[in-house]
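Here is a short briefing on one protein model. Keep the structure open while reading.

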Amino acid sequence: YYVEENLGSGTPQVNGENVEIASKVKPFVVSVPMTAPDGINWLTDVHVYPKNEGLNPEKTSEMPSVNVGDEVKWSITADIPTDFNDYTAFSLTDKLDEKLNFVTGSVEVYGTEADGKTKALDGLTAPDDYQVTHTPADPSNAEKVVVALTEDGIDKFADNEDVVKIRIDLGTTVNSKINEVENNTVENKAEINYQNTTTSDGKINTSAAGINTGKVTIKKTDQDGANLAT
């Protein structure tokens, strides 16, 4: 029997939660009936256990509490699938909130161990290993940053057995528009885009990460309660 996974048959779940599959199982062949372990009889009920892999992307901010003008580093991590050498494209798209502005030259791409922090692959450089495209905001579109691995970059991640996750760091500054919104809060997501031998247009959103600030009004009075100049 030729077995091919059909991802269009419904959304898979793990422990009751929907999951997004980055790489579906490659087609395989199963013989039925199959020889029993005793080598004499036959098995007519054959069970197979194909394993799917997800990218499990996450986004975090370095400093959740900020002031206007502060530079904030955002980190996006995703798991490296075992078939990463079959990937033909892998990129991050981050549409920045209008209260944030991209810091040119702030992008860093490297591989980490399972904790997402300890470096296991660094020294990656643009444009050889990855390319950064920055599009400023206009009246119709948000400011956008795209970080795309090149073929050489994908190979470096795929060929390094110590790398468990890819990590992309980028910096933004907080502008005064953060004071114009309720709760002075900014939340932002990023999108992972990829192509491999089983998926031609894969898209997975990261978790949302946020920062916030506050506004303080100071009123000065003397010991009798009379207002003083601030």
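Strands here are DSSP runs of E, at least two residues long, numbered from the N terminus. By that numbering, Ala190 sits in the loop between β16 (185-188) and β17. The model is predicted.

- Is Ala190 buried or exposed? Its relative accessibility is 2%, and buried means under 20%, so Ala190 counts as buried.
- Ala190 lies 131 residues from Lys59 in sequence. In space, their C-alpha atoms are 7.3 Å apart.
- Lys59 is also in contact with Ala190.

**The largest nonpolar core**
- This core has 37 residues. Those with the most contacts inside it are Phe90, Val109, Leu149, Phe157 and Ile166.
- The elements that each supply at least two core residues include β8 (71-79), β9 (89-95), β14 (144-149), α1 (151-159) and β15 (165-174).

**Helix α1**
- Which residues of α1 are buried? They are Gly153, Ile154 and Phe157.
- Seen down the helix axis, the buried residues of α1 fall within an arc of 100°, so they line one face.
- An α-helix has 3.6 residues a turn, so residues three or four places apart point the same way.
- Exposed Glu151 and Asp159 are on the face of α1 turned away from its buried side.
- The buried residues of α1 pack against β9, β11 (108-112), β12 (119-121), β14 and β15.

Notes
Residues are numbered from 1 along each chain as its sequence is written. This is a predicted model: local features need pLDDT of at least 70, side-chain atom pairs count only at pLDDT 80 or more; totals for chains, interfaces and linings use all residues. Side-chain values use heavy atoms; hydrogens and water are left out. A nonpolar core is a set of buried Ala, Val, Leu, Ile, Met, Phe, Trp, Tyr and Cys residues joined through side-chain atoms within 4.5 Å. Buried means under 20% relative accessible area, exposed over 50%, partly exposed in between (1.4 Å probe, protein chains only). Helices (H or I, at least four residues) and strands (E, at least two) are DSSP runs, numbered from the N terminus. Contact means heavy atoms within 4.5 Å. The arc is that of the directions from the helix axis to the C-beta atoms.
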